[in-house]
Amino acid sequence: MDFRSDTVTRPTQAMREAMIEAEVGDDVYGDDPTVNNLQDYVANLLGFESALFTCSGTQANLVALMAHCERGDEYIVGQQAHTYRYEGGGAAALGSIQPQPIEFEPDGTLNLDTVEAKIKPDDFHFAKTRLLCLENTQNGRALPMEYLENARRLARKHELALHLDGARVFNAAIACKVNVSEITHYFDSVSVCLSKGLGAPVGSVLCGKKEFIDTARRWRKVTGGGMRQAGILAAAGLCALNNNVSRLADDHENAWFLANGLKKVTPLDVQFEESQTNMVFVTIPKDDVKPLNKKLKKKNITITPGRQLRLVTHLDITREDIETTIHAFKQFYKK
């Protein structure tokens, strides 16, 4: 029972068979049919002209930023967003793109008045603000649909491009009860991860207009992402998209069940709001960090130790696993 992330899943037997049977070519030459099928499928699903298969979400976001911005340009982003905090500073290190981070609101949005105030004047003293980056879901929270429309309006007002780190955008669509394209159509580009809740072993897809994707493809090559017979990996992505999207609702229900079970355990402080999807956040007393982790390990329950625990449900976590985990917490805190 591994609650560290929804990236820890193992390929199903059907996915492994799809990988074995995949028709392949050389993707650097553009003739891997399975990669091309994946790219066309995701572009159509999300409502874009074109798409690009990348090694990872980090690479998808990096080449997106480099395709949107030139050296010395700026992008506005959340302080805790993956594109700023958790992707090695790639935009700055490799693209010479300046980040302008701002704090997230409690619901995972960026305050648009604050965003507008951070846009630099058109003056040679300043980096030119080119891009606004959002994340959906953000720490497991699905962004409100009305907010996306307002963000789009602000970006157009100031002639900014709008990029979505949509690593878990299908979770957001399930939570909001909308087709995923109803979320993605507000954006100029979207990256979506195949190896998180969807269960593929590797890979992300970046979507946008054809000219944008052509530029991103060049940057993918520069950043070492030119893959050859990548159809073996793309086949896993297609299997994930065809079989594991609607079942994300099960993960959300399991997270709700886990949160409600842990709320009954004193002295746990459980944070799980209506907009949460597959992540439960639990604050524990600082003296319990090591002994609780040790106790859970003995029960074959894996977490990332800390005062605030992030417990992530996914396709390899069953309702029985949830019940076992709740019981383990109860036993640890039993008086």
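Helices (H or I, at least four residues) and strands (E, at least two) are DSSP runs, numbered from the N terminus. What you have here is a predicted model, where local features need pLDDT of at least 70, side-chain atom pairs count only at pLDDT 80 or more, and totals for chains, interfaces and linings use all residues. Residues are numbered from 1 along each chain as its sequence is written, and side-chain values use heavy atoms, with hydrogens and water left out.

Now look at helix 11, residues 231-243. Its buried residues (under 20% relative accessible area, 1.4 Å probe, protein chains only) include A234, L238 and L241. They pack, with contact meaning heavy atoms within 4.5 Å, against helix 1 (13-21), helix 2 (33-46), strand 1 (50-54) and helix 8 (169-176).

On to the inside. A nonpolar core is a set of buried Ala, Val, Leu, Ile, Met, Phe, Trp, Tyr and Cys residues joined through side-chain atoms within 4.5 Å. The largest one has 67 residues, and F170 is among those with the most contacts inside it. Helix 11 gives this core its largest share, 6 residues. Leaving out residues up to four places away in sequence, F170 touches L45, L46, V180, V192, L198, L241, V245 and L248.

Methods: Expected span 1.5 Å × (residues − 1). Buried < 20%, exposed > 50% of the residue type's maximum accessible area, 1.4 Å probe, protein only.
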